[in-house]
Amino acid sequence: MTSLKRILLGEQGLVVIFAVAFVIVSLTVPNFLSERNMLGLLQSVVTIGIIACTMMFCLASRDFDLSVGSTVAFSGMVAVMASNASGSILLGLLAAALCGGVVGTINGVVIARFRINALITTLATMQIVRGFALIASDGRAVGINDPGFYQLALSRFLGIPTPIWVMGLFFIVFGFVLNRTVFGKNTLAIGGNPEASRLAGVDVARMRIWIFALQGIVCAVAGVLLASRITSGQPNAATGLELSVISACVLGGVSLAGGRAAMTGVIVGVLIMGIAENVMNLLNIQAFYQYVVRGLILLLAVLLDNLRSVAGRQRA
Amino acid sequence: MQDFLEFRSISKGYPGVQALSDVSFDVRKGAVHGLMGENGAGKSTLIRVLSGDQSADEGEIRINGEVQHYRSVRDAFHAGVIVIHQELQLVPELTVAENLWLGHFPGKGGVIDRRKLSGVVSEKLAEIGIDVDPTAKVASLSIGERQMVEIAKAVMLDARVIALDEPTSSLSSRESEILFALIDRLRANGTVILYVSHRLDEIFRLCDSLTVLRDGKLAAHHPEISKVTRDQIISEMVGREIANIWGWRGRSFGAERLRVENIAGPKLKVPLSFSVRRGEIVGFFGLIGAGRSEMARLVYGADTRSQGSVSVDGATVPADSPPKSIRAGIVLCPEDRKFDGIVQGRSIEENMTISSRRHFSPLGIINPKKESELADKFIAKLRVRTPSRHQDIVNLSGGNQQKVILGRWLSEEGVKVLIIDEPTRGIDVGAKSEIYEILYGLAEQGMAIVVISSELPEVMGIADRIIVMCEGRLAADLPRAEFDERLILAAALPDIKNSEDLPLSQVQ
C-alpha cells in the first residue's frame, strides 16, 4: 500500500497513471491501438499540444492567458485571408505570426507594465480578438484558394502527418528552453518569487512580455495548422480552447501558483486529454457526457496534485 | 512551584536529519522560559511539536500533569497552547476586535453583536494593558502593535502556554520594551511563556529559566537563569568558546568607490549623500523606520528614484534598474530574505546562479557543467550546509540561505559594491561569525561594503565607519575610533526629549 502510494504521489506518478490507463484502454477498447486511430488521436491534440508548450511558461511564471482560443481563430483567419489576397502562402503565414505576436505583446505589456491582472486582461483581449476575427470575415468561414495551403496539414513525412511533427518539435524545443536556458530558468524563478527574482537582476517585466509574445506567435502556428486542416478560416474556431490547454497543463503538474513545470508532465497531460476524448468517441459516448468526464479528469488531477504537494511537504 | 509544562523524551526525525532526539525539560507555572540554540538546533521543530503542527516520533508533552495527545494546531489550541510565529497570522483588512473574535463571533443567527464585539475586546485589552484601538484595522497598525494583538488573542482564548518565536526580530527597541512589560504581566497571571530568541540581552531581561538546544539534543537546562553567564550560554550553543564573534581587523582603504549624491524617493524625502571607499565597511545604524532599507533600495535601483545620482569608480550607474546596477557592480542582499531574497521551490544551485548564469550561457543556453561547478564551488567556499546543490532552498536554515544569497553575488563578475541589509537577522552565532569573515575577505579584495543593521553591537563590531540615520536623514557619521554607544544611540533617537522615561542604557 505504502509503496503504491509512493509511486502515485512521486515525481513520475502521472506518467505511471498514464501508462496504466493506456494499457487498460488498449486492451479493452477495440480499434484503439490501430495505427489509424493513434495518428487520429495525435492529430486531434495538435492544437492543444502546441499551445500547451507556451501556456506552461505562462502558468509557471504565475501568469494566465485566456485569449489563446481567440488568437488561434484570428490568426488562422488572417493567414487564409492574407494568402488569398496576396497569392503567397508564406506571406499569409508571416501575417498570421505577426498578428499572433502583436496580440501576445499587447497582453504582456498591459499585464507587466501597467500591472493589470492577467485574468482580466486576457479575458478582455479574448473577446476583442474574437470580435476582430468575426469582423474581418463578416462572421462567415473564409475558404482557402490555394490548394498548397492544405498541404501544411495534409502532407506526411515518414507516414506521419506534418502537424504531429510540428507538435513533437515544439515539445522538444520548449522542453529544452524550460530546462536548459536562462529564459526557462528565469521563468521558473519568477513564478517561485517574483520580487526576489527582480532584486536578483531578472528583468521580470520584460520576461513576462516575452512569454506572452511567444504565446501569441505559437497560437498563430496552431491557428495556421488548424485552418489548413479544416480547409478554411473559421471565426468561431477553437472556442473553449483556453480551458482545455490550461487543463492539460494542470493535469501535467504545472502549478497555478507558479514556479513548477515540466515538459514531460505537460505532454502526458495533453495525451490524457486526447485519449479520454478519443476513447469516448470510439465507445460512441454522447458529446454531452464528454464535458462531464473532462471536468472530472481535471478535478481528479488537481486533487492528486494536492495530495502530492502535501506528501512532499511532509517529506521535506 | 510545580512543573506545568513538561517535555518528555521528545524525538522527531525527517529524512536525512534527526531534528530532535530525546529532549526532556520542564517549565514551572508562571515562568518565562527561554529557548536558545543555533539555527538548526531544533528550536523550531520543538515549537512545531508543541503547537500541534507536527507530531513527535517519540515522547510526550504534559501540561499540568496531563499527557497531551493532540494531533493538530486546533487540538493544541483547545489544550491552551498557542504559538505566535514570526510571521503574524492576522487578517489585515479586519479590525482588531474582529480579528480577536475571528472563528467565534458573538451574536445570534449569524448576525454579529457589534457592541459585544468591541466592548469585550476593549475590556480585555485594558486588562492586559495593551493600548490599541479595537476598531482600528489591523493593516493600519505597526508590526509591534500587531504582535500585541496576537498576544491579546492568545489571552482571550485562555492560553495556558504561549510560545513566542523571535518576537522582537522586527520590533524597535521601544516596541520591544512594551512587549516585555506585557510579558511580565502575563507571567504574573500564571501563564507559561516559552520565549525563543537569539538575543541574550532579552533572555536575561525576561527569562526565569532557560534551555539550550544543540544539534537536536538538550545542551543545557538552567532552572535558574541567575546562575548562568552569557559566555557559558554561548559556549553551550556552539559547543565551543567564541572569544570575539566580530573578529574585526584593520584594513587600508583605497580610492572612493561608491558615491551617492542627493538621492531621494517616495519614501525618502530628504536627499542623502555619502560615499564609501575601496575596502571600507560602512555600517548604517538607525531605529526601525529610519529609512536605511529605503536608502539601500534606492541606491540599488529597486525603487524609483525621484532625484540624485549614484556612481561607482566615477562612472554613473543608470537609475531604477537592478539588472543595470548589477552590471555596474552594485549588488544588494535584501532585508527580508523570505520575500525578497530566496526563490522558494527552486534549488540552491538555481538560487545561486540566477544572476551569474548569463555569463556561461551563450545564446541563452546554460552550460550545466559550469553551472554546477560554480554552485559547488560557492557551497564549499561559503560552507553552506546541505547534502546537495539540488536541495530546495526553503529547506535550509536562515544562515545558510543568507550564504546562498551571498553566493549569488560572489558568483557574479565585477561586483564592486555590496549592500547587505540585516546580514545576520535570525541567524545563529556560529553562522554570524562566518558571514562577518566573508565580508572582511571581500573588503580586503577592495570591495566597498555597506552593512545595514538594527543591532548596534553588530554595527560597532564590524564596521570601519558608522552612518547613523534618523527619520530619513543622516544624523551622524563616525569613524571607528570615535565609536561610542551612547553617542550613536543619541543620534538615532528621533526626539531625545520624548524618551526621557527610557534610559539610554535600556535601548538595545
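In strand β20 of chain B, I452(B) is the bridge partner of F284(B). The model is a predicted one, in which local features need pLDDT of at least 70, side-chain atom pairs count only at pLDDT 80 or more, and totals for chains, interfaces and linings use all residues. Residues are numbered from 1 along each chain as its sequence is written, while chains are lettered from A and ligands numbered from 1 in the order in which they are written.

Helices and strands are DSSP runs numbered from the N terminus, with at least four residues for helices (H or I) and at least two for strands (E). Two strands are taken to pair if DSSP finds at least two bridges between them. On this basis β20(B) pairs in the parallel sense with strand β15 (residues 281-285) of chain B over five bridges. Strand β19 (residues 417-421) of chain B also pairs with β20(B) in the parallel sense, over five bridges, and L418(B) stands opposite I449(B). The chain passes from β19(B) to β20(B) through helix α15 (residues 429-444) of chain B in a right-handed β-α-β crossover; right-handed denotes a path from the first strand over the helix to the second that runs clockwise with the strands pointing away from the viewer.

Six of the six residues of β20(B) (residues 448-453) are buried, where buried requires 20 or more other C-beta atoms within 10 Å of the residue's own, exposed 12 or fewer, and partly exposed a count in between, with C-beta atoms placed from the backbone. A448(B), V450(B) and I452(B) point one way from the strand, and I449(B), V451(B) and S453(B) point the other way.

An open sheet of four strands in chain B has the order β14-β13-β16-β17 with antiparallel pairing. β14 (268-277) and β17 (315-316) of chain B are at the edges with a single partner strand each, so one side of each has no neighbour in the sheet. Strand β16 (residues 307-312) of chain B pairs with β17(B) over two bridges in the antiparallel sense, with S311(B) opposite T316(B).

Beyond its neighbours within four places in sequence, A52(A) is in contact (C-beta atoms, placed from the backbone, within 7 Å) with V245(A), A248(A), C249(A), V266(A) and V270(A).

Between the chains, 22 residues of chain A are in contact with 26 residues of chain B. The largest share of the chain A side, six residues, comes from α10(A). By class, that side has nine nonpolar, six polar and seven charged residues; Ala, Val, Leu, Ile, Met, Phe, Trp, Tyr, Cys and Pro count as nonpolar, Asp, Glu, Lys and Arg as charged, and the others, Gly among them, as polar.

Chain B is divided into domain 1 (3-238), domain 2 (254-329 + 415-428 + 444-508) and domain 3 (339-413), with bounds from an automatic or database domain assignment. The C-alpha centres of domain 2 and domain 3 of chain B lie 27 Å apart. Their contact takes seven residues from domain 2 of chain B and six residues from domain 3 of chain B.

Terms used:
Two residues are in contact if their C-beta atoms, placed from the backbone, lie within 7 Å.
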